[in-house]
Amino acid sequence: MKNEAIGVVLGSREATPLEFWIGVQDGLLRLDDLVWVEADHGGFTVRYYGMVDRVHKVLEGAQFDSDTFLAAGNLIPTNTAYVAHVTVTRLDPEEYLPPDPGSPVYLARGEALERALYYDGMENRKLPVGFMRNGEPAFVNLAFLDGRQGGHVNISGISGVAAKTSYALFLLYSLYNSGVLEGAASARTLVFNVKGQDLFYLDKPNQKLTDEERERYRRLGLEPEPFGSVAFYAPPRLEVGAGHIVPASERGDGVEPYHWSIADFCREGLLPFLFSDRGAMSNLGFLIDHVTARLAALARGQQGPELLVDEGPAGGSEPGSFEALGRRSIRTFAELVDFLEYMLLGSDEDGVEAEGNKAWTARQHTGTLQAFIRRLRAASRSVGKLVRGDAPSNAPDPLRSSAQINVVDIHALSAQAQMFVVGSLLRQVFAAKESGGYRGRVFVVLDELNKYAPREGESPIKDILLDIAERGRSLGVILIGAQQTASEVERRVVGNAAVRVVGRLDAAEAERPEYRYLPGAFRERALILPQGTMILHQPEVPVPVAVQFPYPAWATKREEAGEDVSDEALKDELGI
């Protein structure tokens, strides 16, 4: 197709090697359009590629604002100037000389577009991530996502409007189905479901997907289908000892209940994940680590889900104490707290710490010991169904799962229980990768990063997320994290993400330093982005790109899966 100039480089405004202005002559030029221009510099030609990031119209010949009314009535001579600002993305060859005023400017299409955004150098690493404003497919260099040259994705935006989870799932679908990711069959993904159970229908086709949206998938080289290999996990509904353990899920089939046995909880050292404020007291962190080590030593070599203990008071304890209950087999989390209370604080009758308990207290002050027990008592109400001694552990293990996508529901759990589940599973995955126990790549999708890796304070789960952010890509653990406000997330977690994505932002949040990688025009646009449009930044491309992604081909709600959503149906499945 013959190139037709859309305008010329303006001479009335400064042109530099990195930016220039265009006077638009024919047609329309919009934000995000890509252009190119050539200039002869005494024997060699430089081609400039760039993106339009500002467009203006001004009435030339009008001296006062009110002259506009006269011009509209053809009472004074005026002319409408249509100008656009271009930020240069690439020079070929790399000679930093300004373009000549009056040089014709062309829209970048085909090969020129690929050179403008460095797609030509991505070769077989072009991962489709949506469509640009001009309708052309947009790509990310997979090497900056899968750990080879960079890793991790961070997505920011207002909840319910920015479509953060929807875009994260689209990226996953592209990774598994585009044919670009090597070893996709051995890759595993751990997805935490934090809002409703919308992600429990990923394996079902979306009944609302239109033929037009199906065609958009095909234009990206993807087939519009649901995820083909998914496993679902939900917390148990029944209390300990209430009978068969069933998942608390509105989905009727294909959902496994997850929980940990008391013995595995102790043996695997999961106690610290019940404490999100270990930095609040200087000695609390030390005590948590000490008790965790004592419990691990106690559980080592034991068989069965319950914890067997030999220590206990000599007798005569008040009702409610560990010995008064007459138990040597701990079968509930509440009983574990009773045991720890006795070992740390002694019996109520004598008020004196037993001699053998010094090995547990680590000579900590009574106030620290009491604070520790108070926090465990509060946790007992939250994790009693998750940590139990009436059945062997059935914790999700995405690395041993035959399913590529493993969805773990935590939306109905308390904040403390959510922290425990997320921390326990992330440590399990990271430890397996660190030890070389699994060679395939592992993707982790986690929303609400501001809760799990806040900027202030310290906690075991924050430490793991920092490990993943800083060392994960070299081990093949890639975090696809999301949050409403990146300003409230630990800087190193956000800063280590090679690919950054922004949906609609709050006006105050858009001015935070975490978004300075976006030019001013993009930060302003982020305030009005419609749902389904994201601003994407990657290391290899010097400017962000606005992308739109197709409507999900998989069900994101129960009704989209074509299932009965009546109150009667829900009550029947939930056993109400």
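1. The largest pocket. About 790 Å³ of space lies in the largest pocket of this predicted model. A pocket here is an open set of points on a 1 Å grid over the protein atoms alone, with protein on both sides within 12 Å along at least five of seven lines; lining residues have an atom within 4 Å of a point. Volume is the space filled by probe spheres set on the points, with grid points joined across faces, edges and corners. The lining counts 36 residues, and those closest to the centre are Ala-163, Lys-164, Thr-165, Ser-166 and Gln-531.

2. Who builds that lining. Two or more residues each come from α3 (164–177), β10 (188–193), β18 (442–446) and β19 (477–483). Helix α3 gives the most, with 5 residues. Helices (H or I, at least four residues) and strands (E, at least two) are DSSP runs, numbered from the N terminus. By class, the lining has 18 nonpolar, 11 polar and 7 charged residues. Nonpolar covers Ala, Val, Leu, Ile, Met, Phe, Trp, Tyr, Cys and Pro; charged covers Asp, Glu, Lys and Arg; the others, Gly among them, are polar.

3. The second largest pocket. Its space is about 280 Å³. Of its 19 lining residues, Pro-235, Pro-236, Lys-385, Ala-412 and Leu-413 are the closest to the centre. Helix α9 gives the most to this lining, with 4 residues. The division is 8 nonpolar, 7 polar and 4 charged.

4. Cavities. A search of the whole structure finds 4 cavities of 30 Å³ or more. A cavity is a set of grid points where a 1.4 Å probe fits but cannot get out. Strands β9 (153–156) and β20 (499–502) are the elements that give two or more residues to it. The largest share, 3 residues, comes from β9. By class, this lining has 6 nonpolar, 2 polar and 2 charged residues.

5. Helix α6. This helix (residues 284–299) has 16 residues. From first C-alpha to last it reaches 22 Å, close to the 22 Å expected at 1.5 Å a residue. The expected span is 1.5 Å times one less than the number of residues. Buried in α6 are Leu-284, Gly-285, Leu-287, Ile-288, Val-291, Thr-292, Leu-295, Ala-296, Leu-298 and Ala-299. They cover an arc of only 165° around the axis, so they sit on the same side of α6. The arc is that of the directions from the helix axis to the C-beta atoms. Buried means under 20% relative accessible area, exposed over 50%, partly exposed in between (1.4 Å probe, protein chains only).

6. Around α6. The cover over its buried residues includes α5 (262–267), β14 (307–308), α7 (333–345), α8 (358–361) and α9 (366–383). Just after the helix, Gly-301 takes a positive phi of about 85°.

7. Glu-560. This residue is found in the loop between β22 (545–548) and α16 (567–574). Glu-560 counts as buried because its relative accessibility is 2%. Leaving aside neighbours within four places in sequence, Glu-560 is in contact (heavy atoms within 4.5 Å) with Pro-205, Asn-206, Gln-207, Lys-208, Tyr-551, Trp-554 and Ala-555. Its C-alpha is separated by 9.8 Å from that of Asp-198, 362 residues apart along the chain.

8. Basis. Local features need pLDDT of at least 70 and side-chain atom pairs count only at pLDDT 80 or more, while totals for chains, interfaces and linings use all residues. Residues are numbered from 1 along each chain as its sequence is written, and side-chain values use heavy atoms, with hydrogens and water left out.
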